[in-house]
Amino acid sequence: FFFFFFSVSDLLMGNAVKKPDPGAVAPESDPEEVQQIADSCRFSVEEVKALEAKFKQVCLKSEPHSAVSAAEFAEALEAVGSSAPRRELLNRMFQVFDTAKNGQVDLAEFVLGLAALTQGHSEELCELVFAIYDLDNTGAISKSEMMMIMSAMGAAVTTANKNEFSSQRKEDIRQFVTEVFQQYDKDHSGRLRYEEFVAVLRDHPELARFK
């Protein structure tokens, strides 16, 4: 399940984004922090440094220079060569990346979030996808939450009878969500627990293709 499509090799070569403003000076890199981040994910030290350089170009534009706000999050994604999703999803993704819940995303949160989405094990990916759908952070996903995320996705999904539809159509979404809950809500609670949602993703990986 991949949210973003960006080439780390392009990033390392400086091809992923526009060149920074001539007057911009990025804060000095902290080798210990970079190493700690690399040790916590599948990015190499060199890759973390490349992501750090692009991330800090965005941080330079406002205080604090070590983190991005919700308003700057899309720019940070684009800075590393990723296409930012639609606004509704973007806001939710910012909330999920912001693990400290302090209203900003720092370098470690940004890189570790990207690593899980692009290079993590399936478990890491599923956990992040689940967190995005779980809008009220209760540990389970309701029909309305699934409908809200799907409405913002703009992706195509396939119903149980193999009919593909655009998630822009509300009735199609409602039909699909109803089918999903009938099939995967094993305890008939009206909400999908993590294990149930993972089963949904296995059969419908398109639900993790945010764009």
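Me: Which way does α3 cross α6, left-handed or right-handed?
Reply: α3 passes α6 in a right-handed crossing; a crossing is right-handed if the near helix is turned clockwise from the far one by less than a right angle, and left-handed if anticlockwise. Helices here are DSSP runs (H or I, at least four residues), strands are E runs of at least two, and both are numbered from the N terminus.

Me: Before I go on, what sort of model is this?
Reply: This is a predicted model, where local features need pLDDT of at least 70 and side-chain atom pairs count only at pLDDT 80 or more, while totals for chains, interfaces and linings use all residues. Residues are numbered from 1 along each chain as its sequence is written, and side-chain values use heavy atoms, leaving out hydrogens and water.

Me: Back to those helices: at what angle do the axes of α3 and α6 cross?
Reply: Roughly 125 degrees, and the axes of α3 (residues 45-59) and α6 come within 11 Å. Axes are lines fitted to C-alpha atoms over the stretch in contact, with angles from 0 to 180 degrees between N-to-C directions. That makes α3 oblique to α6 (under 35 degrees is roughly parallel, over 145 roughly antiparallel, 65 to 115 roughly perpendicular, and the rest oblique).

Me: Which residues make the contact?
Reply: E47, V48, L51, E52 and F55 of α3 meet L107, F110, V111, L114 and Q119 of α6, contact being heavy atoms within 4.5 Å.

Me: New topic: how many aromatic pairs are there?
Reply: Eight. Rings of Phe, Tyr and Trp (its six-membered ring) pair if their centres lie within 6.5 Å; planes under 30 degrees apart are stacked, over 60 edge-to-face, and the rest tilted. For F73 and F94, the centres are 5.5 Å apart and the planes at 75 degrees, so that pair is edge-to-face.

Me: Where do F73 and F94 sit?
Reply: F73 lies in α4 (residues 70-79) and F94 in α5, so the pair ties together parts 21 residues apart in sequence. Both F73 and F94 are buried (under 20% relative accessible area with a 1.4 Å probe, protein chains only; over 50% is exposed, and in between is partly exposed). They also belong to an aromatic cluster with F55, F97 and F110.

Me: And what about α7, which of its residues are buried?
Reply: L125, C126, L128, V129, F130, I132 and Y133. What covers them includes α5, α6, β3, α8, β6 and α10.
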